[in-house]
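Biologist: Could you walk me through the charged pairs here, one at a time?

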Amino acid sequence: MSRTVTPWSERALAELRSAGYRRGAARLAVIGFLDEQPCCLGAQQIHDELRRHGTPVGLATVYRVLDTLAQKGLLQRLDLGDGVTRFEPVRTDDDHHHHLVCDGCGKVESFADERLETVIRDVEERSGYAVAAHEVVLRGACTACR
């Protein structure tokens, strides 16, 4: 797997370094892998994919790295209602997306919609709330399961 450095992975590594974390191989592998993903994944999926690509990392290590990144505000934890906690990098607003979940096969896909974001900003303005974060999950049946 080729790894490219992006602003998210640079920020993650810099924040961990400034907090005193060493630059371990497993941490680098998890951060690099997460940085390449278009959508959220569970710890087991991350572990399995890293091992499939020849990166020897333990599941407990994956969980520790994910917990650390989430505590630092670098990862968002997502509960899509199926009992699996998923994680994805907290990126810029330009990369913000939501999720479609198939109740049949469990497939998760991301979607972005500027009109939805506009409506959420309008609700924020009308309500007086300062919305720090939001997540929209649409559930149903994918084309393969219909």
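**Salt bridges**

Modeller: Gladly! Arg-139 has a relative accessible area of 43% and is therefore partly exposed (buried is under 20%, exposed over 50%, partly exposed in between, with a 1.4 Å probe and protein chains only). This is a predicted model, where local features need pLDDT of at least 70, side-chain atom pairs count only at pLDDT 80 or more, and totals for chains, interfaces and linings use all residues. Residues are numbered from 1 along each chain as its sequence is written, and side-chain values use heavy atoms, leaving out hydrogens and water.

Biologist: How many salt bridges does a search of the whole structure find?

Modeller: A salt bridge is a side-chain nitrogen of Lys or Arg within 4 Å of a carboxyl oxygen of Asp or Glu. Searching the whole structure for them gives eight.

Biologist: With which residue do the side chains of Arg-139 meet in a salt bridge?

Modeller: The N to O distance in this pair is 2.8 Å, and the partner of Arg-139 is Asp-103. The two link distant parts of the chain, 36 residues apart: Arg-139 lies in strand E6 (residues 137-140), its partner in the loop between strand E4 (98-102) and strand E5 (108-111). Helices (H or I, at least four residues) and strands (E, at least two) are DSSP runs, numbered from the N terminus.

Biologist: Arg-11 forms a salt bridge with Glu-15; what separates them in helix H1?

Modeller: Their closest N and O atoms are 3.9 Å apart. Because Arg-11 and Glu-15 sit four residues apart in helix H1 (residues 7-18), the separation is about one helical turn.
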